[in-house]
Amino acid sequence: MTNNLSDPCASDGYFHIPDSWRDDPLLAKLEGQRIRFAGAGLRKCVYERDGGKCHYCEEPVALEKFQADHVVPFSKGGLTILSNLVCACVRCNLAKGNVSYEQFVAELAERGLEWRNEVARKQANWFADQRRLAYGY
Ligand SMILES: [Zn+2]
């Protein structure tokens, strides 16, 4: 059994709770569930493996700002594990949106950073509009 807490780089993407949690029904429910978000330990593994650079545009990105991007999306069964995560800058992750990894890599290679910036700007505006509609600010 992999212990996600002791070696985040070796995490298999599922919760494995310690024996001391098994008496608590709420905590016990976590056992075997897919982990959605990379914790600080796994984030550091991704960041260091990718040399602190965005996987897509290769620009340096700060440890606090990079986004751990799922290659196979979580919504499509992708796991939150080192081999399924890449270091992405905010602009690339915004521009990638819901398109597949392969499609985004191909489009970025063909269209370049100006295209990425334009798509990222539109996405950011869309998110801001959604927030205003939902929360009024
Ligand atoms: Zn980037």
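1. A residue counts as buried if 20 or more other C-beta atoms lie within 10 Å of its own, as exposed if 12 or fewer do, and as partly exposed in between. Gly52 has 13 C-beta neighbours inside 10 Å, so it is partly exposed. Gly112 has 11 other C-beta atoms within 10 Å and is therefore exposed. Note that this is a predicted model.

2. Overall architecture. The chain has four helices and two strands. Their order along the sequence is α-α-β-β-α-α. The C-alpha trace spans about 55 × 40 × 25 Å along its principal axes.

3. Burial and contacts across the chain. The chain has 137 residues, and 23% of them are buried. Take the contacts between residues at least 6 apart in sequence: 52% of these join residues at least 24 apart.

4. Gly52 and its surroundings. Gly52 sits in a loop. That loop runs between α2 (40-49) and β1 (67-70). Leaving aside residues up to four places away in sequence, Gly52 touches Tyr47, Pro60 and Val61. Pro73 is 21 residues from Gly52 along the chain, and their C-alpha atoms are separated by 22 Å.

5. Gly112 belongs to helix α4, which covers residues 101-135. The residue is exposed. Between Gly112 and Ala10 there are 34 Å, C-alpha to C-alpha. These two residues are 102 apart along the chain.

6. The two glycines together. Gly52 lies in a loop, whereas Gly112 lies in a helix. Gly52 is partly exposed, and Gly112 is exposed.

Definitions and conventions:
Residues numbered from 1 in each chain as written. Predicted model: local features only at pLDDT ≥ 70, side-chain atom pairs only at ≥ 80, totals over all residues. Contact = placed C-beta atoms within 7 Å.
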